Amino acid sequence: KPTPLLLHIHGGGFRGGDKNVSGAAVQQCLDAGVSFASLNYRLTQGGKNPYPIQMMDCARALQTIRSRAAEWNLDAKRGASCGGSPGAGISLWLAFHDDLAKPDSDDPIARQSTRLVAAGTTNGQSTYDMRTFREWFGVPDLEPHPALTDLYAVKSPEDWNSERVQALMKDASPITHLTADDVPVCMAYAGK
């Protein structure tokens, strides 16, 4: 019968990483009757590919897989996502974001849903907004991680206060899209 799908999204600070995962992880899913897909997304390349490219690449991958559900014997309605670091953030973003499907599109892939039934994360970020980080941690002068500089194509320190970057930081943050009717998530963290 059609199987549920676990979509794996890799980490690497949006600047590195790859979809390769251990065979043991894939086999564990297959043994449990769950299909497994792992994907790459465009890396930021020093700001050349800024947000929302990574999120949209992963949404499109999910839609592409769902468009082939009958052929691949998948249950298109039962898709979950997992990942670490940016893969976790993208998984949360997909889990909380409104459906990106375009039901009236001429593109059959774009008509597919981007909604998940669950998300699992390791060392994930629920926000990519420096204002929120500074507030949560009580560090008003907390420096942005270089990955965020590339994610928002920041060229100068003044860019952080621009309307463009502030709007991107808000929209990129999964927590911005969180509502009471969103799917369950499991978030795990290693270390302190």
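A residue counts as buried under 20% relative accessible area, as exposed over 50%, and as partly exposed in between (1.4 Å probe, protein chains only). This briefing applies that scale to a predicted model, in which local features need pLDDT of at least 70, side-chain atom pairs count only at pLDDT 80 or more, and totals for chains, interfaces and linings use all residues. Residues are numbered from 1 along each chain as its sequence is written, and side-chain values use heavy atoms, with hydrogens and water left out.

**Overall fold**

- The protein chain holds seven helices and five strands, where helices (H or I, at least four residues) and strands (E, at least two) are DSSP runs numbered from the N terminus.
- Read from the N terminus, the order of elements is β-α-β-α-α-β-α-β-α-α-α-β.
- The radius of gyration is 17 Å, close to the 16 Å of the globule rule for 192 residues, so the protein chain is as compact as a globular protein of that length; the radius is taken over C-alpha atoms, and the rule is 2.2 Å times the number of residues to the power 0.38.
- Along the principal axes, the C-alpha atoms fill a box of roughly 55 × 45 × 35 Å.

**Burial, contacts and surface**

- Of the 192 residues of the protein chain, 43% are buried.
- Among contacts (heavy atoms within 4.5 Å) with a separation of 6 or more, 71% join residues 24 or more positions apart.

**Salt bridges**

- With a salt bridge defined as a side-chain nitrogen of Lys or Arg within 4 Å of a carboxyl oxygen of Asp or Glu, the count is six.
- One of them pairs Arg 42 with Asp 57, the closest N and O atoms being 2.7 Å apart. Arg 42 lies in the loop between β2 (35-39) and α2 (53-67) and Asp 57 in helix α2, so the pair ties together parts 15 residues apart in sequence. Arg 42 is partly exposed at 44% relative accessibility, whereas Asp 57 is buried at 17%.
- Asp 107 and Arg 60 also form a salt bridge (2.7 Å, N to O). Asp 107 lies in the loop between α4 (86-96) and β4 (118-122) and Arg 60 in helix α2, so this pair links parts 47 residues apart in sequence. Asp 107 is partly exposed at 26%, and Arg 60 is partly exposed at 33%.
- Asp 75 forms a salt bridge with Arg 78, with the closest N and O atoms 2.7 Å apart. Asp 75 is partly exposed at 22%, as is Arg 78 at 39%.
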